Amino acid sequence: MSTPGTRAPVTAGTALRARLALTEPAVRAATGWLWRPDGLGRRYAVYLPVMHAVIRASVPLMERAAERSTALGATDAVGAPLAAYLREHVEEERGHDEWLLGDIAALGGDPAAVRARQPPPEVARFVGTQYYWIEHHHPVALLGYIAVLESCAPAPWLAERIAEAAGVPRAALRTVREHAELDTDHTADLFALVDTLPIGPVLVNALTTSALHTVSGLLDLFARIDRAACVDENPARGGTSTS
Ligand SMILES: [Fe+2]
Ligand SMILES: [Fe+2]
């Protein structure tokens, strides 16, 4: 508790939570629109390959960030705890891109074709920014990206809504179902780390800038999914490409 006339220091976790709270209305509006019942089946079929393109990069991103964190050595107090967290979290996220391919197959799609297709620019921007900051600034930036992805996990009721409103087979909903369960703990772990990391204003800024960029990129991805599903609805407007 601070004494009168003084202020308690703002932790990185507090700064991150405060900024993400400001983005919540926009994220809630975008997800509400994405999962509206009208046309939900088409949007879900577009959502899966787009999310596969994102999630296939999660483990490689974290592995690279862990290498860079370790390389910082004793001169940077953030490096060791950051590397330890990332190495543990890699194992928690490993194989989740395969869940998406399984969902795509259960929906009648072709996982090999999805793997072969060039990921869209929105995904390259979304993920690629993290590579840049990891390589050329500080790997702590990746925590902002992870914080947003974990805390924007599917709601517990979402899988059932997609199954009932769009007739999607439950076998094609593994990724949504499992993340609704797992990511609450993942979010808690992430913020527990951020709250205790010994970081100063420069790295707090790196972390929060990365998180805000991730929110903005996520809204772009949702908008792309919505547009692509509309094109699918009307083949005369051209193509069925989802990503
Ligand atoms: Fe995951
Ligand atoms: Fe997760």
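The following is a conversation about a predicted model with two iron ions.

Modeller: This is a predicted model in which local features need pLDDT of at least 70 and side-chain atom pairs count only at pLDDT 80 or more, while totals for chains, interfaces and linings use all residues. Residues are numbered from 1 along each chain as its sequence is written, chains are lettered from A and ligands numbered from 1 in the order in which they are written, and side-chain values use heavy atoms, with hydrogens and water left out.

Biologist: Which residues coordinate the iron ion (ligand 2)?

Modeller: E93 (OE), E150 (OE), E150 (OE), D183 (OD) and H186 (ND1) do, at 2.2 to 2.5 Å. E150 lies in helix α8 and D183 in helix α10, so this pair ties together parts that are 33 residues apart in sequence.

Biologist: Why are E93, H179, E150 and D183 called buried?

Modeller: Buried means under 20% relative accessible area, exposed over 50%, and partly exposed in between (1.4 Å probe, protein chains only). E93 has 10%, H179 8%, E150 6% and D183 4%. Each value is under 20%, so each residue counts as buried.

Biologist: How do you know how α4 and α8 pack?

Modeller: Two packed helices are described by the angle between their axes and the distance between the axes. For α4 and helix α8 (residues 141-151) the angle is about 35 degrees and the axes are 12 Å apart. Axes are lines fitted to C-alpha atoms, for helices over the stretch in contact, and angles run from 0 to 180 degrees between N-to-C directions. L82, Y85, L86, H89 and E93 in α4 meet L142, L143, I146 and E150 in α8, where contact means heavy atoms within 4.5 Å.

Biologist: What does I146 contact, apart from its neighbours within four places in sequence?

Modeller: I146 is in contact with M62, Y85, L86, H89 and L190.

Biologist: What makes the residues around I146 part of a core?

Modeller: A nonpolar core is a set of buried Ala, Val, Leu, Ile, Met, Phe, Trp, Tyr and Cys residues joined through side-chain atoms within 4.5 Å. The largest has 70 residues, of which Y44, Y47, L86, L142, L143 and I146 touch the most other members. Helix α11 (residues 201-233) gives the largest share, twelve residues.

Biologist: Where is G13, and is G13 buried or exposed?

Modeller: G13 is in helix α1 (residues 12-34). With a relative accessible area of 0%, G13 is buried. Not counting residues up to four places away in sequence, G13 touches F191, V194 and D195.

Note on methods
Helix = DSSP H or I, 4+ residues; strand = E, 2+ residues; numbered from the N terminus. Donors = N, O, S within 2.8 Å, 3.2 Å for Na, K, Ca; no water.
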